[in-house]
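Subject: Structure handover

Hello,

Here is the structure for your files, with my notes below it. Please read them with the model open.

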Amino acid sequence: MKYCGSLYVVDDAQRTKQFYKDLFGLRVIQDFGANFVMTGGISFQTRDSWKTFIHKENEDIVYGGCDGEIYFETDDMDGFVELLKNHDDIQYVHPLQTHDWGQRGIRFYDPDHHIIEVGEKLSCVVKRFYQEGMSVDEISKKTMLSAKIVERLMKK
């Protein structure tokens, strides 16, 4: 058995392709019309085709559940936040925040109301803490990563 990825249902394939291209630089690697796969292995399926696969009606397929997210990481969190500011149609779950372990992240919705999180790469968090004068042990305690992993991330 092998896990092969996740699929998200959308109303407008072209709108979805453009959204993920503009914000994340993803491109379509397989296009079957009603179903397409983008770089990273994320798959999308149009609602009209999906409902036939699962033998449901339009009203049975509900967007906006707060029970999952599509997760991305960036090594330029500030640059990504600036990119989002150029898209006035973005609806935020929450603004940029810093988690207890020091990683910064932001959550917002895609056009079909799937939650997307963009988080700062942990290697960037570790390097930022080191540049601020924290020791390996202090970084390890703050991030909950082992000192060995902190040292490895500092070398990246």
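By class, nine nonpolar, five polar and two charged residues make up the lining of the largest pocket. Please keep in mind that this is a predicted model. The volume of the largest pocket is about 300 Å³. Its lining counts 16 residues, of which Y8, V62, G65, D67 and H114 are the closest to the pocket centre. Which strand gives the most to the lining of the largest pocket? That is β1 (residues 7–10), with three residues.

The second largest pocket holds about 160 Å³ of space. Its lining divides into seven nonpolar and five polar residues, with no charged ones. Strand β5 supplies the largest share of that lining, three residues. Among the lining residues of the second largest pocket are Y3, G5, S6, Y8 and L26, along with T39, G40, G41 and I42. I70, Y71 and F72 also line the second largest pocket.

Four strands make up an open sheet with mixed pairing, in the order β1-β4-β3-β2. β1 and β2 (28–31) are the edge strands, each pairing on one side only. On average, neighbouring strands of this sheet are turned by 25 degrees against each other, direction ignored. Four bridges join β1 to strand β4 (residues 42–46), and the two pair in the parallel sense. V9 has Q45 in β4 as its bridge partner. Helix α1 (residues 13–24) lies across β1, β2, β3 (35–38) and β4, and runs at about 5 degrees to β3.

In general, strands of a sheet pair through backbone hydrogen bonds, either parallel or antiparallel. Strand β6 (residues 92–98) pairs with β7 in the antiparallel sense over four bridges, and Y92 stands opposite F108 in β7. The hairpin of β6 and β7 has five residues between the strands, and G102 there takes a positive phi near 100 degrees.

Strand β7 (residues 104–109) also pairs with β8, again in the antiparallel sense, over five bridges. I106 stands opposite V118 in β8. β7 and β8 form a hairpin as well, with five residues between them, and H113 in its turn has a positive phi of about 70 degrees. Strand β5 (residues 70–74) runs parallel to β8, and five bridges join the two.

Regards

Terms used: Residues are numbered from 1 along each chain as its sequence is written. This is a predicted model: local features need pLDDT of at least 70, side-chain atom pairs count only at pLDDT 80 or more; totals for chains, interfaces and linings use all residues. Side-chain values use heavy atoms; hydrogens and water are left out. Two strands pair if DSSP finds at least two bridges between them. On a 1 Å grid over the protein atoms alone, a cavity is a set of points where a 1.4 Å probe fits but cannot get out, and a pocket is an open set with protein on both sides within 12 Å along at least five of seven lines; lining residues have an atom within 4 Å of a point. Grid points are joined across faces, edges and corners, and a volume is the space filled by probe spheres set on the points. Ala, Val, Leu, Ile, Met, Phe, Trp, Tyr, Cys and Pro count as nonpolar, Asp, Glu, Lys and Arg as charged, and the others, Gly among them, as polar. Axes are lines fitted to C-alpha atoms, for helices over the stretch in contact, and angles run from 0 to 180 degrees between N-to-C directions. Contact means heavy atoms within 4.5 Å.
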